[in-house]
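Hello,

Here is the structure I said I would pass on. My notes on it follow below.

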Amino acid sequence: MDGSEGVIIPLPPEGYKSGFVGIIGRPNVGKSTLMNQMVGQKIAITSPVAQTTRNRLRGILTKAQAQIIFVDTPGIHKPHHQLGKVLVQNAKLAISSVDVLLLVVDGSVEAGGGDRYIIELLEQVKIPVILGMNKLDQQPEDTVIIDRSYGQLSQPYEWPVVKFSALTGDGVNDLQQLLIDRLDPGPYYYPPDLVTDQPERFIIGELIREQILLNTREEVPHSVAISVDRVEEDPKITRILATIHVERPSQKGILIGHQGSMLKTIGSDARQQIQKLIDGKVYLELFVKVQPKWRQSRSQLADLGYQVE
């Protein structure tokens, strides 16, 4: 799954299209779920907690007529700390460095202030935009008011609107075709069998972080970062050592749990997900370390892999 060093990328057939598609939207509208659905494999973590995505993650979809590289961005919101500022800065950068933008909204509710804030950011953008209404599976029977609210937002710009469900895959093929129609002819940017440009260690760290978000919810929200310290691969088993960094001793206590029960649960659930990723047995050892105010510190953010790109 790691980069493509030493791999010969084939020449595409005549008329082949390719390009980068930025997936943007408010936190928790289903951007990561959509990217996983598009590439047919879990590469982005999802959770019921807002602000799950941190780094710009690229998912690669290679079809007979086109290669689409999806850039999944952190949800755009008003930032409250240095980490938030870095995330929003990276999302804004993604807006200006892609060929097509897919603005994903929660199609089960009316448009809100957060959606309008993003549309204001897009007013200066000169690239094609598609408005994607996600959560088709959760729409009420009468969608007239919801549809009208997004129609009013997209109409001045003549953006096409498409409805889909990232969860069930309903309508996703139509969305893919709309995106391909807007791409220019181009090469394979990546080998056709690659689904992400992120190294395996990054994905392993994200799968551990996902289980922390799912198992602790509100108690240890986003003051968690993972460093994967060691990966040793034997023919029979892969041994992984990773450290969970938190900001306060109380969060360390919650993560370890009574007699280590919470850490065991997180480790066991993460191990099952990692085994799907690397196709084999995994031994996972987790440590928890308190690193005060790491989200406020530029140098600590950089050490843990978060920097403005």
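The protein has 9 helices and 9 strands. Please keep in mind that this is a predicted model. Buried residues account for 51% of its 309 residues. The accessible surface is about 14,700 Å², and carbon and sulfur atoms hold 49% of that. Taking the contacts between residues at least 6 apart in sequence, 73% are between residues at least 24 apart.

Next, the sheet. Strands S7, S8 and S9 make an open sheet of 3 strands, in the order S7-S8-S9 and with mixed pairing. From one strand to the next, the twist averages 15°. S7 and S8 run antiparallel and are joined by 8 bridges. Val231 stands opposite Ile240 of S8.

Two helices lie across strands of this sheet. H6 lies across S7, S8 and S9, and runs at about 125° to S7. H7, residues 249-256, lies across S8 and S9, running at about 155° to S9.

Which of its residues touch the most other members? Of the 24 residues in this core, they are Ile208, Ile212, Ile244, Ile274, Leu284 and Leu286. At least two core residues come from each of these elements: helix H6 (200-216), strand S7 (225-233), strand S8 (237-246), helix H8 (261-278) and strand S9 (281-290). Ile208 gives a view of how the core is put together. Apart from its neighbours within four places in sequence, Ile208 contacts Ile226, Ala242, Ile266, Ala270, Ile274, Leu284 and Leu286. Among these partners, Ile274, Leu284 and Leu286 are also listed with the residues that touch the most other core members.

Helix H1 (residues 31-39) packs with helix H5 (residues 172-181) at an angle of about 85°, and their axes are 11 Å apart. H1 is therefore roughly perpendicular to H5, as that angle falls in the range 65 to 115. On the H1 side, the residues that meet H5 are Leu34, Gln37 and Met38. Their counterparts in H5 are Val172, Leu175, Gln176 and Leu179.

Regards

Technical notes:
Residues are numbered from 1 along each chain as its sequence is written. This is a predicted model: local features need pLDDT of at least 70, side-chain atom pairs count only at pLDDT 80 or more; totals for chains, interfaces and linings use all residues. Side-chain values use heavy atoms; hydrogens and water are left out. A nonpolar core is a set of buried Ala, Val, Leu, Ile, Met, Phe, Trp, Tyr and Cys residues joined through side-chain atoms within 4.5 Å. Buried means under 20% relative accessible area, exposed over 50%, partly exposed in between (1.4 Å probe, protein chains only). Helices (H or I, at least four residues) and strands (E, at least two) are DSSP runs, numbered from the N terminus. Contact means heavy atoms within 4.5 Å. Accessible areas come from the Shrake-Rupley method with a 1.4 Å probe; for residues, only the protein chains shown count as cover. Two strands pair if DSSP finds at least two bridges between them. Axes are lines fitted to C-alpha atoms, for helices over the stretch in contact, and angles run from 0 to 180 degrees between N-to-C directions. Angles under 35 degrees count as roughly parallel, over 145 as roughly antiparallel, 65 to 115 as roughly perpendicular and the rest as oblique.
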